[in-house]
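Hi,

Here is the structure I said I'd pass along.

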Amino acid sequence: MTIMNMKKRMKKISALRRKRIAGPILVVAALFTIGTAFGVASALPSAQQTPASATSPLVSQGKAIFLRGCSSCHGLNAEGGSIAPALIGVGGAAVDFQVGTGRMPMADMSMQAMQKKPLYDPAQTAALAAYISSLAPGPASVTNENLNWERDGNIAQGGQLFRTNCAMCHNFAGQGGALTNGKYAPSLMGVEPKYVYEAMVTGPQSMPKFTDATITPQEKLSIISWLQSANHEQNQGGASLGRVGPFTEGLVAWTLAIGLLIGVSTWLALKAK
Amino acid sequence: MADKKTSPTTRTGKLAAGAANYADDRLGSAGYLKKNLNKIFPDHWSFMLGEVCLYSFVILLLSGTFLTFWFDPSQRDVVYQGAYTPLSGVSMSAAYASTLHLSFDVRGGLLMRQIHHWAALIFMVAIVVHLFRVFFTGAFRKPRETNWLIGIGLLTFGIIEGFLGYSLPDDLLSGTGIRIAEAILQAIPVVGSYLAFFAFGGPFPGTSFIPRVYMVHILLLPALFLALITVHLMMVWYQKHTQFPGPGRKESNVVGYPLMPVYMAKAGGFFFIVFGVTAFLGAVASINPIWLYGPYTPGQISAGSQPDWYMGWLDGLVRMAPPLETHWLGHTISWNILLPSLVLPGLIFVGMTFYPFIEAWISGDHREHHLLDRPRNVPNRTALGAMSIAFMVIALANGGNDIIATHFHLTINGIMWFTRIGLFTVPPIVFIITKRVCLSLQRADRDLVLHGRETGRLVMLPSGEMIEVHEPISDARKWTLTQHQQPEALPAPLPEEALVGWKGKLRKRMNEAHNVQVPAATLSELKELGDSHH
């Protein structure tokens, strides 16, 4: 190839560049490249979770349960409806929390889903979780065993995080509290660590979602450690009176204490006769 | 005893007599002691409510002194390294850390803290129940109006003292309370923000508030209490105790037992019983578990934050206040704080303070009274008292609306609306019902005197008629049930010239309402019935 030839070729390319069609072609090419790169990247195993193959038996079992028990409100393809949210992308964690604690299927739509005896056993719950996570990636469900809260959690740090982020609804000792219009933050006493973790990452009912950027996984384990410690802490100083603050203390003063004292007064006044 | 000059024969007796003579020769104490040790007090269980207040105050002084040995009233930052591990390594104020130290590292410290706090609750409950007794029996009437005023003072200072006391540990709950107190200060129009800056020595929370509160809590207010309680008791001593009506009991005498030995023994024993009840609660029931609340940080708050009960009604009023706020000439007036936390309590306390004078103005009764009223015999006053209690209970219930909501599965908004409406509608209904109940009880008394007690024995007469046998009640009981003043017998009914104008008309209307009564059974009625009775 001569230099002349090359120059001619360059001219041809630059002429092409100036044509009107050049812009749109470039945009399409760029989109194709980025799209392909993104597709490859998201197909890589990530921290989020690998959606099980859409054809795995677990998924089809989960889909069968879903169609029977959940689709009347959440839609045939979990796309949601007028009375229930879409479940695409909520992840296995949300399913494990909501179904595992018996909140879903919901018994009563008036206030909020309440904890009750679970309708589905752990295997069925896992199948449901697999089906929901096959629809789109989301936070994966966890197990009590793979949460190393005893090793990685710091109780004192957890207490501070709890008082900053959780106590405003769940009370200083995790006893639960009232929200507006009959909604409530439930008591956290006796709740399994994995459900606490899943609630934090999925934000069920009125609860905000605490992403790993807001509260890191290690901090979440600290919160669980503190809750476990509060749950098992013996009551210093006698009966706890419900750990709800001075309300019950006042009740005791107005019933037991003054009752005893008035009783004794009456007895003393009687004896003098 | 000294003037009888009976010489003791035993060795101990001689020693005691010698000591008594020694004191008498120098202080002239025999006459004083004789007069005062023989002082007569009437006996009734409700007269011991004031004693409960006094004894819990003594317990508060003793246990409080113990607490001061370890408590450090400072807001400087420390890192906790004590025995309570869930907080180890947490940064907190020295006040909070020293309270933790007091609770977990000082022998008997937690028990003392709990005794102190329970004694405070019992102190306030006993003051309020004592107030009920004084109010419903009319013990505040002439000549005891001044003692009523002192009592109101003690109640007011008690509320403040209690609030300041539980604010000291600087825990998350009490810090929230101090924040609300700051908001109330700021709600005072125009000068509020300056006052708050003055109280906190700068912006909230600052570092000077707790040291200041400490001085007021352990020095200023206790001194004030001591002074007021002393005057309160001296006046009871000087004016003599009131007594319930009964045979032989008159406005001019006191029927009861002497201080020595009866009341000395009783009061001494009762002190230990009050201490016992307080110590029992301190030992078995946790109170103000500050380690669970955590240290105070303005960025944190707990659901269901409550004040102690004697502040709870204020909290309830604030919680139910509608969100009203006006901006005027560069000043913000927060009516939602100002009205429920300052204006309304102000009105309530002013009304309570002046009640003895208001009632005397309405009734026109300015005579001295040493015989108590049976509550049913003054229906208007009793109804007013019941109405005030209903108001307070509703306000208090809303103060705990979140706890009630979670524990009874109710909606917090529903409770708020119930109390918002109930605050205005329930007290009048309670007034009407109480007044009717009082009048019915008067009617029942009248029946009891005229027709005797229902025995529940049914007898069939030969004619086939069934009757219930009524047994006449004792003459003493008859006297007690009929002795009360009838309105017609008031010495000086309101003079005509006092009843002109709107004020006079109002006074006349209130006087009529005050005097509504079922006439007590009279002797002639009794005699008339006696002739025709079976």
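By buried area I mean the accessible area, taken with a 1.4 Å probe, that two parts lose on being put together, summed over both. Keep in mind that this is a predicted model.

With that in hand, start with chain A, which is divided into domain 1 (57-135) and domain 2 (149-232). Between them, domain 1 of chain A and domain 2 of chain A bury about 1,200 Å², and 54% of that is on carbon and sulfur atoms. On the domain 1 side, the residues that lose the most area to domain 2 of chain A are A:Phe97, A:Met111 and A:Gln112, which together make up 47% of what that side buries.

As for contacts, 13 residues of domain 1 of chain A touch 14 residues of domain 2 of chain A. The C-alpha centres of these two domains are 23 Å apart.

What about charges here? The rule finds 1 salt bridge across the interface of domain 1 and domain 2 of chain A. If you look at side chains, A:Asp96 and A:Lys194 meet in a salt bridge, at 3.3 Å from N to O.

Over on chain B, there's a nonpolar surface patch of about 490 Å². Its members are B:Leu324, B:Trp335, B:Leu339, B:Leu342, B:Val343 and B:Leu347. One of them, B:Leu339, sits in helix H13 (residues 335-363) of chain B. Why can B:Leu339 count towards a patch? Patch residues need over 30% relative accessible area, and B:Leu339 qualifies on that score because its value is 37%, which makes it partly exposed.

Cheers

Technical notes:
Residues numbered from 1 in each chain as written. Chains lettered and ligands numbered in written order. Predicted model: local features only at pLDDT ≥ 70, side-chain atom pairs only at ≥ 80, totals over all residues. Heavy atoms only, no water. Patch = residues over 30% accessible without salt bridge, like charges linked within 9 Å, V, L, I, M, F, W, Y side chains within 5 Å. Areas by Shrake-Rupley, 256 points an atom, 1.4 Å probe, with all protein chains shown as cover. Salt bridge = Lys/Arg side-chain N within 4 Å of Asp/Glu carboxyl O. Helix = DSSP H or I, 4+ residues; strand = E, 2+ residues; numbered from the N terminus. Buried < 20%, exposed > 50% of the residue type's maximum accessible area, 1.4 Å probe, protein only. Domains from an automatic or database assignment. Contact = heavy atoms within 4.5 Å.
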